[in-house]
Amino acid sequence: MSEDKKTSLYDEHIKLGAKIVPFGGWAMPVQYEGIIKEHHATRNFAGLFDVSHMGEVFIKGKDSLNFLQSIVAQDLTNLEPSKAIYCHLPNEDGGLIDDIIIYNAKGIIEEIEYLIVINASRIDFNIPHMQKMAQGFDVEVINKSDDLSMLALQGPNAKFIIEKMGISQSEQPKFFTFKSAILNACPVFLTRTGYTGEDGFEIIFEHKYASKLWNEILSYKEEFSVVPVGLGARDTLRLEAGLPLYGHELNENTTPIESSLGFFIPKEKEQNYIGKKLIQGQKTKELPLRRKLFAFIMEDRMIARAEYPVYINDIECGVVTSGAPSPTLGKNIGFCMIEFDKLESSLVSKLNNIQESLGMTIQIMVRNKLYNAKIVKKPFIEKKYNK
Amino acid sequence: MTIPEGILCSKTHEWVAEINNEFTIGLTDWAVEQLGDVVFIELPEIGSTFSKNETFATIESVKAASEIYMPVGGEIIEINEELINSPELINEDAFSAWLVKIKPENFQEDSQGLMEYEDYKDEVQ
């Protein structure tokens with residue numbers, strides 16, 4: 001059995017009494033003092049996450065833009081230096097190999113055109129795919145995942161902590177932009193992004209600065225109530241914010257439109273890209289959806305969990321992709337994927353119409369009994385981005 | 001936290017104790033600590049019977065649902081109703097927050113293989 005990889009902050013997690021679990025080949029902290037406490041601390045004050053398991057890729061060479069345009073569903077033509085965009089990396093059939101954030105790094109990272117942050121669990125699929133597709137382009141796909149650590153500092157107090165560490169609020173990058181900066185005497189890339197629905201930052205740097213930055217941020221515990229947060233609360237926070245998790249809401253057999261992320265797909269994109277036919281066809285409604293992701297709230301005290309079967313009018317027609325109690329709402333929430341080929345066409349057309357689908361009752365099977373849930377709009381909470 | 005006297009524990013982390021001639025079943029402090037914040041506990045109906053090792057209840061933390069097994073077989077004669085509305089009580093004290101009381105079927109035979117608390121602690125640590 002191969003041993004799980006450890007981030008450069010592993011010893012810090014142990015010191016803090018974290019409970020460690022395997023996650024995507026990594027030994028990661030799932031919680032420190034408790035998921036609910038960490039969740040509320042992030043929403044109300046600030047939470048610090050070790051997300052060093054995430055992958056980083058540098059894209060270099062004169063064909064960088066053309067190459068990326070040929071592999072993602074989004075249009076990067078107007079992505080100016082320092083700006084970031086949430087992107088989908090489809091396969092030939094329009095399913096997703098990964099969901100990623102692309103940063104235009106021109107003038108920010110020496111000799112590099114783009115920085116890409118990718119899912120830890122997809123590094124071994126995503127990078128070989130990109131390297132294969134790079135053939136024929138004057139471009140280099142450089143895997144930096146083993147060289148860089150990453151922290152996320154999220155919540156309303158994040159900006160005050162970053163200010164204390166040397167970057168005034170007016171100098172801080174705006175939402176979905178990044179900059180190169182010196183934070184507490186450590187050179188970092190500072191991004192205004194996150195996975196919680198809160199204002200906050202992600203900080204990318206060489207491993208040797210990890211403990212120094214981690215401990216410096218946590219030293220603001222008294223002043224700004226910042227706490228370390230594990231993967232447990234990371235999951236409830238992203239779920240409330242309506243954000244998808246690869247392997248749950250996203251996979252190789254489902255297009256981003258079917259995963260209810262059509263908002264992020266441009267109406268038109270001139271360049272051809274892998275998987276374009278089905279994705280653009282679904283975007284323009286010329287091609288039908290095969291399945292669709294819905295957000296739901298349980299009407300009952302039962303908690304829906306990933307893989308639980310979903311029924312509509314007593315017909316089994318899908319599965320829960322993620323489900324958990326929402327600490328903010330005090331209700332049990334989740335996402336489910338409904339398979340349209342299991343349902344009659346009148347129901348499918350109702351589900352295809354967002355307004356008509358809202359409020360519809362579905363049933364979730366929990367321990368062999370059906371319980372009602374209502375389809376709702378995502379996100380479950382209001383996002384607090386600093387736009 | 002007071003550990004009930006004469007408590008016996010199973011490998012699947014349930015405890016059973018005879019308290020005032022009643023057989024009480026709960027989940028061990030070690031198991032509760034592993035689960036983290038408990039948000040929901042589903043208890044069986046009074047009058048239902050379960051054999052040893054059969055699932056009789058479910059406990060849910062924020063992250064996952066876990067089944068709870070009968071350390072000895074028997075009929076459910078009382079459930080801890082307080083846990084239905086305040087499942088977090090089990091995080092505070094796993095021994096006072098008992099789950100069910102039972103009328104055992106064959107305690108002598110079923111309790112074979114259960115461990116005394118000290119031995120259980122040695123096993124899980």
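1. A word on terms first: a residue is called buried under 20% relative accessible area, exposed over 50%, and partly exposed in between (1.4 Å probe, protein chains only). By that rule Val226(A), at 1% relative accessibility, counts as buried. Please keep in mind that this is a predicted model, in which local features need pLDDT of at least 70 and side-chain atom pairs count only at pLDDT 80 or more, while totals for chains, interfaces and linings use all residues. Residues are numbered from 1 along each chain as its sequence is written, chains are lettered from A and ligands numbered from 1 in the order in which they are written, and side-chain values use heavy atoms, with hydrogens and water left out.

2. Staying with Val226(A), you will find this residue in strand β14 (residues 226-228) of chain A; strands (E, at least two residues) and helices (H or I, at least four) are DSSP runs, numbered from the N terminus. Leaving aside residues up to four places away in sequence, its contacts (heavy atoms within 4.5 Å) include Ala46(A), Leu48(A), Ile161(A) and Tyr220(A). Asn157(A) is 69 residues from Val226(A) in sequence, with 7.8 Å between their C-alpha atoms.

3. Thr321(A) belongs to strand β17 (residues 315-326) of chain A and, at 7% relative accessibility, is buried. Its side chain makes a polar contact with that of Glu249(A) at 2.8 Å. Such a contact is a pair of N or O atoms within 3.5 Å; within protein, one must be able to donate a hydrogen and the other to accept it, and residues adjacent in sequence count only if both atoms are side-chain atoms.

4. Now to where the chains meet. Chain B and chain A bury about 1,400 Å² between them, 50% of it on carbon and sulfur atoms; this is the accessible area (1.4 Å probe) that two parts lose on being put together, summed over both. In chain B, Phe40(B), Val62(B) and Lys63(B) lose the most area to chain A, together 40% of what that side buries. The contact draws on 18 residues of chain B and 19 residues of chain A.

5. Between chain B and chain A there are 13 residue pairs in polar contact, both residues at pLDDT 80 or more. On the chain B side, α1 (29-35), β4 (38-42), β6 (55-61) and α2 (82-85) each supply at least two of the residues that touch chain A.

6. Three salt bridges join chain B and chain A, each being a side-chain nitrogen of Lys or Arg within 4 Å of a carboxyl oxygen of Asp or Glu. One of them pairs Arg305(A) with Glu60(B) at 2.8 Å, N to O. Arg305(A) lies in the loop between β15 (291-298) and β16 (309-312) of chain A and Glu60(B) in strand β6 of chain B, so this pair joins two chains. Arg305(A) is buried at 6% relative accessibility, and Glu60(B) is buried too, at 0%.

7. Arg367(A) and Glu42(B) also meet in a salt bridge, at 2.7 Å, N to O. Arg367(A) is partly exposed, with a relative accessible area of 28%. Arg305(A), Arg367(A), Glu42(B) and Glu60(B) are linked in a network of salt bridges.

8. Lastly, chain B has an open, antiparallel sheet of seven strands in the order β5-β8-β9-β3-β2-β1-β10; two strands pair if DSSP finds at least two bridges between them. β5 (49-50) and β10 (115-116) of chain B stand at the edges with a single partner strand each, so one side of each is left without a neighbour in the sheet.
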